[in-house]
Amino acid sequence: MRRQWRLKTTFWLDVTLLVSVCVLQTVRFTGLVIHEWLGLAVIAMVLAHLLFSWSWIATQSRRLFARQTIRERINYLINFAFFFIVTGAIFSGILVSQKAIPALTGKNVSPHGMNMRWAMLHGELGASILLLAALHLAINWDWLLSAAGNVFRRFRESSL
Amino acid sequence: MKLARVLPRVVILLVVAAAFVGLTAVYGNSTNPVLPDAVWQAEHQHEPSAPNIGYFSEFVGWGIWLAVCCVVGRMLFRLRLNPVPRGEGQPILLDLRPSRRDSLNSSPSRAGPTPPIG
């Protein structure tokens, strides 16, 4: 029961993160307010995602210099880069924030005072996130399929 | 109990994230990229605050792009990371012939009941 709850939560959290990554790419669709608040919400989602995957992180970090398969090494590298890029994108996003951070700190920010260098870096990191998300999804595809099968099978069983 | 287990993990993740932020800050402050033209800058300075449903197709486009990258990555990983198992294409060995150790165990000097097969 508890295991099922955990699987369900992890699955829906991952789906939400995936949709958020796509939504965050298009500021014109969401508008700046939703973009920035969703970006801040992603911090909590990423933290939860990492905590749910803690056993994998701990095991693979301990075995970093031990004998591993190429798949395990590439998976670790992708996840490490993914975390790094997401952190960088959130940090640069906070630096160029015009709505959410000023609302939290109570400071007025003029759009003309925006640091264009950080805005550019934020855009570049955002594009890299999408690519890394795709690779992360590709390498964990089997898990996602089995989790989806499990979650929807239970859903169908409970609805009958 | 549970909080005591989760809290150190959160601290570790935050420390790693802080290190990444430091590295990003160093990189961001050290590089001097050529900024795009004034039109791009003006666009970024005046992004709309409210959502615009008319740009939903842009979101779909990013979704398709992610799916394409995922499929390419999947093909790449399947090809490069899942090598053909050694046993594939080889005849299945039933291992019915007794090994050297088995034949020693069942030698006349240590005669005993033969173990059942299977």
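**Burial, contacts and helices**

Colleague: What share of the 118 residues in chain B is buried, and what makes a residue count as buried?
Modeller: Buried residues account for 4% of the 118 residues in chain B. A residue is buried if 20 or more other C-beta atoms lie within 10 Å of its own, exposed if 12 or fewer, and partly exposed in between, with C-beta atoms placed from the backbone. Do keep in mind that this is a predicted model, where local features need pLDDT of at least 70, side-chain atom pairs count only at pLDDT 80 or more, and totals for chains, interfaces and linings use all residues. As for names, residues are numbered from 1 along each chain as its sequence is written, while chains are lettered from A and ligands numbered from 1 in the order in which they are written.

Colleague: Why is Leu121(A) called buried?
Modeller: Leu121(A), found in helix 6 of chain A, has 23 other C-beta atoms within 10 Å. The cut-off is 20 or more, so Leu121(A) is buried.

Colleague: What does Leu121(A) touch, leaving out residues up to four places away in sequence?
Modeller: Ser92(A) and Gly28(B). Two residues are in contact if their C-beta atoms, placed from the backbone, lie within 7 Å. Leu121(A) and Ala89(A), 32 residues apart along the chain, have C-alpha atoms separated by 7.9 Å.

Colleague: What makes the crossing of helix 1 and helix 6 of chain A left-handed?
Modeller: A crossing is left-handed if the near helix is turned anticlockwise from the far one by less than a right angle, and right-handed if clockwise; this pair is left-handed. Their axes are 10 Å apart, at an angle of about 145°. Axes are lines fitted to C-alpha atoms, for helices over the stretch in contact, and angles run from 0 to 180 degrees between N-to-C directions. Leu18(A), Val21(A) and Leu24(A) meet Gly126(A), Ile129(A), Leu130(A) and Ala133(A) there.

Colleague: What makes a set of residues a nonpolar core, and how many are in the largest?
Modeller: A core is a set of buried Ala, Val, Leu, Ile, Met, Phe, Trp, Tyr and Cys residues joined through C-beta atoms within 7 Å. The largest has 25 residues, and Ala89(A) and Ile129(A) are among those with the most contacts inside it. Helix 6 of chain A gives the most, 12 residues. Ala89(A) is in contact with Ile129(A), one of its partners beyond four places in sequence.

Colleague: How many residues does the contact take from each chain?
Modeller: 35 from chain B and 43 from chain A. Helix 3 of chain B supplies the largest share of chain B's side, 13 residues.

Note on methods
Helix = DSSP H or I, 4+ residues; strand = E, 2+ residues; numbered from the N terminus.
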